[in-house]
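Trainee: I have not seen this structure before. Could we go through it by question and answer?

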Amino acid sequence: MTAATGEAGARAPRRPEVWGVLNVTPDSFSDGGRYLDPGAALAQARRLLAAGADVIDVGGESTRPGAEAVTALEERERAMPVVRALAEAGIRVSIDTLNAETAVAAVRAGARIVNDVSGGLADPAMLPTVAGLGVDYVAMHWRGRSEVWDAVSDYADVVAEVRDELRSRIDAALAAGIAPERLWLDPGLGFAKRADDNWTLLRGLPAIVALGFPVLVGASRKRFLGALLPPDAPVERRDAPTAVVSVLCAEAGVRAVRVHDAASTTQALDVWAAWTGAAA
Ligand code: PMM
């Protein structure tokens, strides 16, 4: 039995969803500046959907190391026109934000998922706010903003520590009133993790899946994948390695992968689904 097959392999494994990344920011590391204009953002969302994305994850603040902090107002001004236009077109939209106010504005504009890379730690209002909004919530593993990563990236056992820290986010989310069926978890690849920690975490995904909530993984184009390529390789060269990671995530029972290039991951998951007989 693999984690993906569930109890004793009796059920077919499940195909993960593909969440397409749409950073409406001037400075995200792989797509910063490209989709600041709402028209360009919508065109990219349409490309992601045509290539197989199930959800569009819209972000108005870059979490890249060294990125400028933006006010919640700037973040909303960037992201909301895009969220509204996508939601009005019937697209399932996620808002990637640390701010409760931005989450509220995005849900009012039609977003159905709040993707919080801090798992509720950055903004104390986030968990109770999301509970009131009644939408899905992704709690990612987080140890602070990028300025503190050097000081907090030491792990004796990265899988056990991430699992235990996610468990405490589960407790906090449920205590705040978020419905268990609305909660997702994410191990937070690249966030206060050294390159080897990311590989160890990927290997350890079954321990995160075993927490009993759907798991989202965001490996797409991250630096630990770039380290496998020549130093001057453009970020798009990371899409094939990302697609391989997506398949291995599927095998580990992950329920969604967050990617910049929906086409390569969708094709890779098509192969995986045909091979395993996975249910959609
Ligand atoms: N990574 C980034 C941004 N948001 N959200 C979740 N849930 N998981 C992630 O791994 C994640 C995220 C940073 O990557 P980007 O700058 O390419 O968006």
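Trainee: How far does a polar side-chain atom of arginine 258 lie from an oxygen atom of the ligand?

Mentor: First, the source: this is a predicted model, in which local features need pLDDT of at least 70, side-chain atom pairs count only at pLDDT 80 or more, and totals for chains, interfaces and linings use all residues. Residues are numbered from 1 along each chain as its sequence is written, and side-chain values use heavy atoms, with hydrogens and water left out. A polar contact is a pair of N or O atoms within 3.5 Å; within protein, one must be able to donate a hydrogen and the other to accept it, and residues adjacent in sequence count only if both atoms are side-chain atoms. For arginine 258 and the ligand oxygen, the distance is 2.8 Å.

Trainee: What share of the ligand does the protein bury?

Mentor: Accessible areas come from the Shrake-Rupley method with a 1.4 Å probe, and for residues only the protein chains shown count as cover. Taken alone, the ligand exposes 410 Å². Of that area, the protein buries 97%.

Trainee: Which elements give two or more residues to the shell around the ligand?

Mentor: Helices (H or I, at least four residues) and strands (E, at least two) are DSSP runs, numbered from the N terminus. The elements with two or more residues in the shell are strand E1 (17-23) and strand E5 (136-140).

Trainee: Which residues come nearest to the ligand?

Mentor: There are 16 residues around the ligand. Aspartate 186 has a polar side-chain atom 2.7 Å from a ligand nitrogen, and aspartate 96 has a side-chain N or O atom 2.8 Å from a nitrogen of the ligand. The residues that come nearest are Asn115, Asp186, Lys222, Arg258 and His260.

Trainee: Where is arginine 258 found, and is it buried or exposed?

Mentor: Arginine 258 is found in strand E8. Buried means under 20% relative accessible area, exposed over 50%, and partly exposed in between (1.4 Å probe, protein chains only). At 13% relative accessibility, arginine 258 counts as buried.

Trainee: What is the order of the strands in the open sheet?

Mentor: Strands of a sheet pair through backbone hydrogen bonds, either parallel or antiparallel. Two strands count as paired if DSSP finds at least two bridges between them. Here the open sheet has eight strands with parallel pairing, in the order E6-E5-E4-E3-E2-E1-E8-E7.

Trainee: Which strands stand at the edges?

Mentor: An edge strand here has a single partner strand, so one side of it is left without a neighbour in the sheet. The edge strands are strand E6 (183-186) and strand E7 (216-217).

Trainee: How many bridges join E1 to strand E8?

Mentor: E1 and strand E8 (residues 256-259) run parallel. Glutamate 17 stands opposite alanine 256 in E8. The number of bridges that join E1 to E8 is four.

Trainee: What is the handedness of the crossover from E3 to E4?

Mentor: Strand E3 (residues 93-96) and E4 run parallel and are joined by three bridges, with serine 94 opposite isoleucine 113 in E4. The chain crosses from E3 through helix H3 (residues 100-108) to E4. A crossover is right-handed if, with the strands pointing away from the viewer, the path from the first strand over the helix to the second runs clockwise. This β-α-β crossover is right-handed.

Trainee: In E5, which residue is the bridge partner of isoleucine 113?

Mentor: E4 and E5 pair in the parallel sense over four bridges. Valine 114 stands opposite tyrosine 137 in E5. The bridge partner of isoleucine 113 is aspartate 136.

Trainee: How many residues of E5 are buried?

Mentor: Asp136, Val138 and Met140 point one way from E5, and Tyr137 and Ala139 the other way. E5 is mostly covered, and its buried residues number five of five.

Trainee: What is the phi of alanine 192?

Mentor: Most residues other than glycine have a negative phi. Alanine 192 is placed in the loop between E6 and helix H7 (195-203), and is buried, with a relative accessible area of 1%. Although alanine 192 is not a glycine, its phi is positive, at about 55°.

How values were computed: Near = heavy atom within 4 Å.
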